[in-house]
Amino acid sequence: MSQQAASPTGPNPTGGPRPPHSAARDGWVVGGVTFAGVLMVCTGILAILQGIAAVAKDNVYARFGTYIYQINLTGWGTIHIILGVLILVTGLGLLKDMAWARFAGLVLVSLSLIAQFLFLPYSPLWSLIVMAIDVFIIWALASRQEAASAVGEPYSPAAEHRQV
């Protein structure tokens, strides 16, 4: 009991005191999540434009021979438009700190990563760039989940300034 009173962050699940969080680390995680939200908005818009170019049968994408995951460009365009809209809306929700947006962002950006991998033959360099951005977004959102669950409640910068 005295150990709990001495520890301002409360006990951890094993009963011992929980080490205090580093404000610098928490700020980095929150900043990473904000940046991930901005990236999600940007990649959502770019995925929509990528999809429109594919649906319009623009000459942006090369035609090639057989490919095991081959779908016509209209199909890929539709996939990119739908994913782009969902990622855009989720990115806006993440910027508004909506609770559902972190989990939805993880799922949607993971799907985007897979879609970009399958789209590699059509646009290799762009797909690799978007895949790298998707990996960063997944890392930032997963780090946020870890930081939020480490204390048992969502992280709030205002909570650091409250007196216990």
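Predicted model: local features only at pLDDT ≥ 70, side-chain atom pairs only at ≥ 80, totals over all residues.
Me: What about contacts between residues at least 24 apart?
Reply: Take the contacts between residues at least 6 apart in sequence. Of those, 66% join residues at least 24 apart.

Me: OK, the largest nonpolar core. Which residues touch the most other members?
Reply: Met40, Leu94, Ile137 and Leu141. That core has 15 residues.

Me: Which helices supply at least two residues each?
Reply: Four of them do: H2 (23–55), H3 (73–95), H4 (99–118) and H5 (124–151).

Me: Which helix gives the most?
Reply: H4, with five residues.

Me: Switching to H3 and H4. At what angle do their axes cross?
Reply: Roughly 150°. The axes come within 9 Å. That angle makes H3 roughly antiparallel to H4, because anything over 145 degrees counts as roughly antiparallel.

Me: Left-handed or right-handed?
Reply: The crossing of H3 and H4 is left-handed.

Me: Which residues meet there?
Reply: From H3: Trp76, His80, Leu83, Leu86, Ile87, Val89, Thr90, Gly93 and Leu94. From H4: Trp100, Ala101, Arg102, Ala104, Gly105, Leu108, Leu111, Ser112, Ala115, Gln116 and Leu118.

Me: How does that contact split by class?
Reply: The contact of H3 with H4 has 13 nonpolar, six polar and one charged residues.

Me: His80 is on that list. Buried or exposed?
Reply: Buried. His80 is at 2% relative accessibility, so it falls under the 20% cut-off. His80 sits in helix H3.

Me: What is His80 in contact with?
Reply: Leaving aside neighbours within four places in sequence, His80 is in contact with Ala47, Ile48, Gln50, Gly51, Gln116 and Phe119.

Me: Now Ser112 over in H4. How accessible is Ser112?
Reply: Ser112 has a relative accessible area of 8%, so it is buried. Ser112 lies in helix H4.

Me: And its contacts, which are they?
Reply: Setting aside neighbours within four places in sequence, Ser112 is in contact with Leu83, Ile87, Val130 and Asp134.

Me: What about Gly105? Where is Gly105 found?
Reply: In helix H4. Gly105 is buried, with a relative accessible area of 0%. Apart from neighbours within four places, Gly105 is in contact with Met40, Thr90, Ser110 and Leu141.

Me: How many Å separate the C-alpha atoms of Gly105 and Leu86?
Reply: 9.0 Å, with the two residues 19 apart along the chain.

Me: Then Leu86 and Ala104, C-alpha to C-alpha? What's the spacing in space?
Reply: 9.1 Å, at 18 residues apart in sequence. Leu86 is in helix H3. Leu86 is partly exposed, with a relative accessible area of 40%.

Me: Next, Leu95. What is its relative accessible area?
Reply: Leu95 is partly exposed at 41%. The place of Leu95 is in helix H3.

Me: Which residues does Leu95 touch?
Reply: Not counting residues up to four places away, Leu95 touches Thr34, Gly37, Val38 and Val41.

Me: How far apart are the C-alpha atoms of Leu95 and Met40?
Reply: They are separated by 9.6 Å. Along the chain the two residues are 55 apart.

Me: Last one, Asp97. Where does Asp97 lie?
Reply: In the loop between H3 and H4.

Me: Is Asp97 buried or exposed?
Reply: Exposed. Asp97 is at 51% relative accessibility, so it passes the cut-off of over 50%.

Terms used
Residues numbered from 1 in each chain as written. Heavy atoms only, no water. Core = buried A, V, L, I, M, F, W, Y, C linked by side-chain atoms within 4.5 Å. Buried < 20%, exposed > 50% of the residue type's maximum accessible area, 1.4 Å probe, protein only. Helix = DSSP H or I, 4+ residues; strand = E, 2+ residues; numbered from the N terminus. Axes fitted to C-alpha atoms, helices over the stretch in contact; angles between N-to-C directions. Parallel < 35°, antiparallel > 145°, perpendicular 65-115°, else oblique. Left-handed = near helix turned anticlockwise from the far one by under 90°. Contact = heavy atoms within 4.5 Å. Nonpolar A, V, L, I, M, F, W, Y, C, P; charged D, E, K, R; others polar.
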